[in-house]
Amino acid sequence: MAYLELQKVSKLFNGLAAVKDFNLDVVKGEFISLLGPSGCGKTTTLRMIAGFERPDEGEIRLDGVNLNPISPNKRGIGMVFQGYALFPNLSVHDNIAFGLNIARQPKGLVEDTVQELLNLVRMKETSSRYPYQLSGGQQQRVALARALAIKPRILLLDEPLSALDAVVRVLLREEIRRIQLELGITTVYVTHDQEEALSMSDRVVIMKDGLIEQIGKPDEIYHQPESLFVASFIGTANQLRGERTGDYSINYHGTILRLPENDSGQRISNPVLLVRPENIFMHSEAPSVPGSNILDGTIMTMTFLGPVMRVSVDVHGERIVVDAPAGQGLSIFHSQHVWLSFTPQSCQILAE
């Protein structure tokens, strides 16, 4: 049963829709990410859940109660902002205790809660410091602890890691997920970083122009995108366009490519074949791989990415990207003529 429900929610600014007919059911304890490019409506959606914006249409319900008429401070929601928003004149300890003191909680309870949260976010040694004495990652941990201190019914995070450097971002997203799982708190997380969303979430909501493009588990979003936008936004996907030559084949610049044999492919008259770079194999000589699709082209660029070498190959004037495992023993160089092979099963068919 849904714990947080957004039912046909829309929001207009100056007559333009920032969010349109948004529907989402979140199970208690679930970690949901709203993912999309700037201006897609994800932060507006989060602000409507928090109560900082009011929907023009639709209803937001938490545990069966309509939140629309309820003020932000009475919704029982904790929020962590991109800019930390810590009180500069208060210590780490007092920042975390702030909400509890405002609620006039007993001093003993306040102290016990603060110590528990200091341990949870691993900031016990810095409790007497002030925000200016902390790194960005430490400040965000304090902001998270402060949001959790009031024991919120749900936790909202608005791009909390975007101002941090890459190494700290990776460490802190693991910490956020650890804390969320430990507490079992329902969480809605806004980000434009696909790696964050895929690595942290139970489900991901892909948004574009105020609309939901797709909702699914991270592996579903990656392996089974439902639109070309999702396929392009999540990871890298080669898009091969051609003319239909049969139920399970297309003509791609004179080469017949076999399609995966499924019903959806038969219904699409002008399909686009999606092939992920990791599903394409590169050969220095024409391969003999029965049943596979074979293309040939010329290497344009090679980029070392640690575990893989990302190679761009010019095939009929189009760029096809291949992720070749580093150390596989294949000697390649710029302008080399190479062959590419991939199975029909590694492709997905979408409409243009």
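Reader: Ground rules before we start. What kind of model is this, and what pLDDT do local features need?
Author: This is a predicted model: local features need pLDDT of at least 70, side-chain atom pairs count only at pLDDT 80 or more, and totals for chains, interfaces and linings use all residues. Residues are numbered from 1 along each chain as its sequence is written, and side-chain values use heavy atoms, with hydrogens and water left out.

Reader: Helices, then. At what angle do H2 and H3 cross?
Author: Roughly 130 degrees, and the axes of H2 (residues 92-102) and H3 (residues 107-120) come within 9 Å. Helices here are DSSP runs of H or I with at least four residues, strands are runs of E with at least two, and both are numbered from the N terminus. Axes are lines fitted to C-alpha atoms, for helices over the stretch in contact, and angles run from 0 to 180 degrees between N-to-C directions.

Reader: What does that make H2 and H3 to each other?
Author: H2 and H3 are therefore oblique. The cut-offs: under 35 degrees is roughly parallel, over 145 roughly antiparallel, 65 to 115 roughly perpendicular, and the rest oblique.

Reader: Which residues make the contact?
Author: From H2, Val-92, His-93, Ile-96, Ala-97, Leu-100 and Asn-101. From H3, Val-110, Glu-111, Thr-113, Val-114, Gln-115, Leu-117 and Leu-118. Contact means heavy atoms within 4.5 Å.

Reader: And by class?
Author: The H2 contact with H3 has eight nonpolar, four polar and one charged residues. Ala, Val, Leu, Ile, Met, Phe, Trp, Tyr, Cys and Pro count as nonpolar; Asp, Glu, Lys and Arg as charged; the others, Gly among them, as polar.

Reader: Now H4. How far apart are the axes of H2 and H4?
Author: 7 Å, with H4 spanning residues 136-149 and a packing angle of about 25 degrees. H2 and H4 are therefore roughly parallel.

Reader: Who touches whom there?
Author: Val-92, Asn-95, Ile-96 and Leu-100 of H2 meet Val-142, Ala-145, Arg-146 and Ala-149 of H4. Six of the contact residues are nonpolar, one is polar and one is charged.

Reader: Which H2 residues are buried?
Author: Val-92, His-93, Asn-95, Ile-96, Ala-97 and Leu-100. Buried means under 20% relative accessible area, exposed over 50%, partly exposed in between (1.4 Å probe, protein chains only). The buried residues of H2 pack against H3 and H4.

Reader: Switching to strands. How many bridges join S1 to S2?
Author: Eight, between S1 (residues 2-13) and S2 (residues 16-27), which run antiparallel. Pairing takes at least two DSSP bridges between two strands. Val-9 has Phe-22 of S2 as its bridge partner. The hairpin of S1 and S2 has two residues between the strands, and Asn-14 takes a positive phi near 55 degrees.

Reader: What's the order of the open three-stranded sheet?
Author: S12-S13-S14, with antiparallel pairing. S12 (243-246) and S14 (255-258) each have a single partner strand, so one side of each lacks a neighbour in the sheet. S12 and S13 (residues 249-252) pair over three bridges.

Reader: Last one. Is Ser-292 buried or exposed?
Author: Buried, at 17% relative accessible area. Ser-292 lies in the loop between S16 (281-283) and S17 (293-304). Not counting residues up to four places away in sequence, Ser-292 touches Ser-341, Phe-342, Thr-343 and Pro-344.
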